[in-house]
Amino acid sequence: MSVETIQKPSTTRKLAPRYRVLLHNDDFNSMEYVVQVLMTTVPSITQPQAVSIMMEAHQNGLALVITCALEHAEFYCETLKSHGLSSTIEPDE
């Protein structure tokens, strides 16, 4: 009696593309308001992270908020916009 090993074809999982949520600087909202909106919109962001993101947008005109799946990115972007902040998404390379 011989035992034969059957090999399954390899399956590779393809990761979903990721997207960057970007915050643009504006001259309308207070820094405190921007920090508060960031923390309530993206629950994983701490206050020090929100301050850092806000300062980067303030100084450089643009800051990365989070990188995530498209659905989440669209949700975060739209939520930021609904609070009067300027936000866009772009594919992560």
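Predicted model: local features only at pLDDT ≥ 70, side-chain atom pairs only at ≥ 80, totals over all residues.
Residue numbers count from 1 along each chain as its sequence is written, and side-chain values use heavy atoms, without hydrogens and water. Local features need pLDDT of at least 70, side-chain atom pairs count only at pLDDT 80 or more, and totals for chains, interfaces and linings use all residues.

The UniProt record (unreviewed entry) places "domain: Adaptor protein ClpS core" at residues 16-87; such annotations may be inferred rather than shown by experiment. Over residues 16-87 the chain is 53% helix and 24% strand, with the end C-alpha atoms 22 Å apart. Helices (H or I, at least four residues) and strands (E, at least two) are DSSP runs, numbered from the N terminus.

In α1 (residues 31-41), Val-34, Val-35, Val-37, Leu-38 and Thr-41 are buried. These residues line one face of the helix, because they fall within an arc of 165° seen down its axis; the arc is taken from the directions from the helix axis to the C-beta atoms. The face turned away from them carries the exposed residues Glu-32 and Thr-40. Buried means under 20% relative accessible area and exposed over 50%, with partly exposed in between (1.4 Å probe, protein chains only).

The elements below are among those that cover the buried residues of α1, where contact means heavy atoms within 4.5 Å.

| Element | Residues |
|---|---|
| β1 | 18-24 |
| α2 | 47-60 |
| β2 | 62-69 |
| α3 | 70-82 |

α1 and α3 pack at an angle of about 145°, their axes 10 Å apart. Val-37, Leu-38 and Thr-41 of α1 make the contact with Tyr-76, Thr-79 and Leu-80 of α3. Axes are lines fitted to C-alpha atoms over the stretch in contact, and angles run from 0 to 180 degrees between N-to-C directions.
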